[in-house]
Amino acid sequence: MLVFTAQIANFAKINFRMSIIPISQWFKGVENRPLIIAGPCSAETREQVLKTARLLAHLGRVDVLRAGVWKPRSRPGNFQGAGEPALEWLAEAKQETGLLLAVEVATPQHLELAMRYGVDLFWVGARTLLNPFSVDELATAMEGINKPVLIKNPIHPDLDLWIGTIERFAKAGVQRLGAIHRGFSPFQKSTFRNLPKWEMPIDLKSVMPNLPIICDPSHISGNPDLIQDISQKALDLSMDGLMIESHVTPSEALSDAKQQVTPAELGRILADLSYRKILPGNIDSVDILESLREKIDSLDMQILELLAQRMDIVDNIAEYKIKNNVAIMQLRRWEEMIERRIEFAEQLGLSTEYVKNLLRLVHMESVRKQAQIISPRENLG
Ligand code: PEP
Ligand code: MN
């Protein structure tokens, strides 16, 4: 038994006993390497599940077959998952291939059915975390369960909510407990479907050092191109495993068609990863300086994403100014803007000079960009 007491900034404080069984003891044969979970976003048909499972098993690198059986969808009318028949197909795939099974559960009824069909690992989806009533119901239904349960991060970057949900399951006596880092909604156009914000899992790890963390590069990327790099980064950060969506024919998938890779592509991704020398979950092996640098890298990437989003708005402003014949540089607006920003920066403890210089640069670049958009048209007129 371990007692974790830690405080990260102002948001996360944990002070209760939680006992976590190391991931190396969860399944036989996965003692000294990252756990690999792969499979389709959704189980769609018996044929799709069996074909995908056979190819994944054939890679010899996948431990657990994942599939969504009940899909939380934004709009009604979208494919909501095949329900109980999907569990039959998965049980058949397990029987035939020997792969373990992982399924998302959101309600006690899901859990009961999944248990009946021999599911080996459960995960709680990003959307479920948003409702602590549902989480409590699910955690109560899991009291004393001896199968692993992984808690995805919530949709938005709320570390307290992620920690709080994990606590709820820990308090219900779930000891094979872990987290899944699946990225955070950018709410706006971004390179990533969900921003990785690596500082979040790093902070989670410092609050709960023994908690295994799996990375889900598929939902972070939103497309196959970034999966390799994100997976590597996760391993470099000493994460304990990967969950990657794989479908026998991704373009025909009924959910998340854009981000799934074929089992053959998955095989290449896994083969190209360089597996670190350190053992999964060994927090001491992650250099503190290194993890601080990772946080800085992640924040810098987010600053750049924001600058790119800002620049997109600048384009729209230029269009507006052309239509309405407004001058590019408006001194009053600039003065007001800088005043308000500096006030805010001071509240954040940033130096006035630093923020002034930075904003001047940002502003100059947007004036330059607007001039570039506007002047070719003026020349034409
Ligand atoms: C999924 O894993 O298919 C899924 C729905 O993920 P998330 O809860 O992270 O959106
Ligand atoms: Mn998915």
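## Basis

The model is predicted: local features need pLDDT of at least 70, side-chain atom pairs count only at pLDDT 80 or more, and totals for chains, interfaces and linings use all residues. Residues are numbered from 1 along each chain as written, chains are lettered from A and ligands numbered from 1 in written order, and side-chain values use heavy atoms, without hydrogens or water.

Distant parts of the chain are linked here: Cys41 sits in the loop between β3 (35-39) and α1, and Glu245 in strand β10 (residues 241-245), 204 residues apart. Strands (E, at least two residues) and helices (H or I, at least four) are DSSP runs, numbered from the N terminus. Cys41 and Glu245 are both buried, meaning under 20% relative accessible area (1.4 Å probe, protein chains only).

## Helices α1 and α9

Helix α1 (residues 46-59) packs on helix α9 (residues 263-272) at about 25°, with axes 9 Å apart. The two are therefore roughly parallel, a term for angles under 35 degrees.

Thr52, Leu55, Leu56 and Leu59 of α1 meet Pro263, Leu266 and Gly267 of α9. Contact means heavy atoms within 4.5 Å. The contact residues comprise 5 nonpolar, 2 polar and no charged; Gly counts as polar, Leu and Pro as nonpolar.

## Ser366

Ser366 lies in helix α12 (residues 352-380). Its relative accessibility is 5%, so Ser366 counts as buried. Beyond neighbours within four places in sequence, Ser366 contacts Arg310, Met311 and Val314.

Key:
Axes are lines fitted to C-alpha atoms, for helices over the stretch in contact, and angles run from 0 to 180 degrees between N-to-C directions. Angles under 35 degrees count as roughly parallel, over 145 as roughly antiparallel, 65 to 115 as roughly perpendicular and the rest as oblique. Buried means under 20% relative accessible area, exposed over 50%, partly exposed in between (1.4 Å probe, protein chains only).
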